[in-house]
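Work through the exercises below with the sequence and the structure side by side. Try each task yourself before you read its solution.

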Amino acid sequence: MRTQLDTVVGAALQQGSAVPAFTCYDFTTALAVVGAAEESGRGAILLVAPKTAATPNGLRLIAALRGLADAAGVPVAVQLDHASDPQVIADAVSAGADSVLVDGSSLPYEDNIALVRGVRAALAAQGRADVVIEAELGGLAGDEDRAFGTGAADSAGSTAADGPAGLTDSALVEDFVSRTGAQLLAVAVGNVHGKYKGEPRLRWDVLQDIAVRTRIPLVLHGASGIPPEELVKAAAMNVGKVNFNTELRTGVLAVLEEQTTAHRADGENLQALLGRWDSSARAFAATALATLSR
Ligand SMILES: [Zn+2]
């Protein structure tokens, strides 16, 4: 069913839980995520990568996800992830996205604020003031769509270019939230996109410091690889949305690699292979839903 993203997240936080968000590059994965959400009786968020949304087929995928979300038996939101191109944002919203992460985190502070305000004004002019906006303060290392070990030190011992970017400066949080009007805030507290090089070391002290400075829900990106016992602590610090991507892909690719030969031998049985894809993504989503509601 159609529900505002901030409403789903706010309701979860009131129950001491968080809502998982899953990157969907395709419809099979999205069907599995929504199926798991319905089985658990909890809401979920379908994320679309900006590279996907920048293509005509990506916009058709968003339209299909919109239909899937609206027909679901639980609240499901469709969010454009990490977007900074105003045209991609406008097109994705027209296609059916009901929320956007307006990501100016790589820009200077004032430019980040200006980007979010500009998108808000453009959406209002588009007649879509209802679109929920997440903004990001502090830079996340790594790549959203391709996972490599992140945070590696080079031979001289200094951090490589893909190493941990700046942590969110908690002193800026109040100013940033009030001036952007963001409804959710993505933070950088040692989390990374892709794979963690070694053990993830989340800065709970920084997260705590951010949580006391704003009332809007916080968002943790790059949750793949963070142990469940760590993730369950997040909701207590006002983290109401947790993004998963890498681990979902890892599971699907492993299943396809393992099962393709047998399914070729079984009369080129793509239908059954897609069933395996569904099972893998569904099991991952079910585990994430259960973990975040513990
Ligand atoms: Zn992200």
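**Exercise 1.** What covers the buried residues of α4?

*Solution.* Before starting, note that this is a predicted model, in which local features need pLDDT of at least 70 and side-chain atom pairs count only at pLDDT 80 or more, while totals for chains, interfaces and linings use all residues. Residues are numbered from 1 along each chain as its sequence is written.

Step 1: locate the helix. Helices (H or I, at least four residues) and strands (E, at least two) are DSSP runs, numbered from the N terminus. Helix α4 takes in residues 56–71, which is 16 residues, and its first and last C-alpha atoms lie 23 Å apart, close to the 22 Å expected at 1.5 Å a residue (the expected span is 1.5 Å times one less than the number of residues).

Step 2: find the buried residues. A residue is buried if 20 or more other C-beta atoms lie within 10 Å of its own, exposed if 12 or fewer, and partly exposed in between, with C-beta atoms placed from the backbone. In α4 the buried ones are Gly58, Leu59, Leu61, Ile62, Leu65 and Ala69. They sit on the same side of α4, because they cover an arc of only 150° around the axis (the arc of the directions from the helix axis to the C-beta atoms). An α-helix has 3.6 residues a turn, so residues three or four places apart point the same way. On the other side of α4, Pro56, Asn57, Gly67 and Ala71 are exposed.

Step 3: name the cover. It includes α2 (27–40), β2 (44–48), α3 (50–53), β3 and α5 (86–95), where contact means C-beta atoms, placed from the backbone, within 7 Å.

**Exercise 2.** Is Asp81 buried or exposed?

*Solution.* Step 1: Asp81 belongs to strand β3 (residues 76–83), and UniProt, in an unreviewed entry, places the feature "active site" there; such annotations may be inferred rather than shown by experiment.

Step 2: Asp81 is buried, because 29 other C-beta atoms lie within 10 Å. Not counting residues up to four places away in sequence, Asp81 touches several residues, including Thr23, Leu101 and Glu144.

**Exercise 3.** Which residues does the UniProt annotation "binding site" cover?

*Solution.* Step 1: the unreviewed entry lists His82, His193 and His221. They span 140 residues in sequence, yet no two of their C-alpha atoms are more than 11.6 Å apart, so they gather at one spot.

Step 2: His193 lies in the loop between β7 (184–187) and β8 (195–196), and His221 in the loop between β9 (218–220) and α9 (228–231). Leaving aside neighbours within four places in sequence, the contacts of His193 include His221.

Note on methods:
Contact = placed C-beta atoms within 7 Å.
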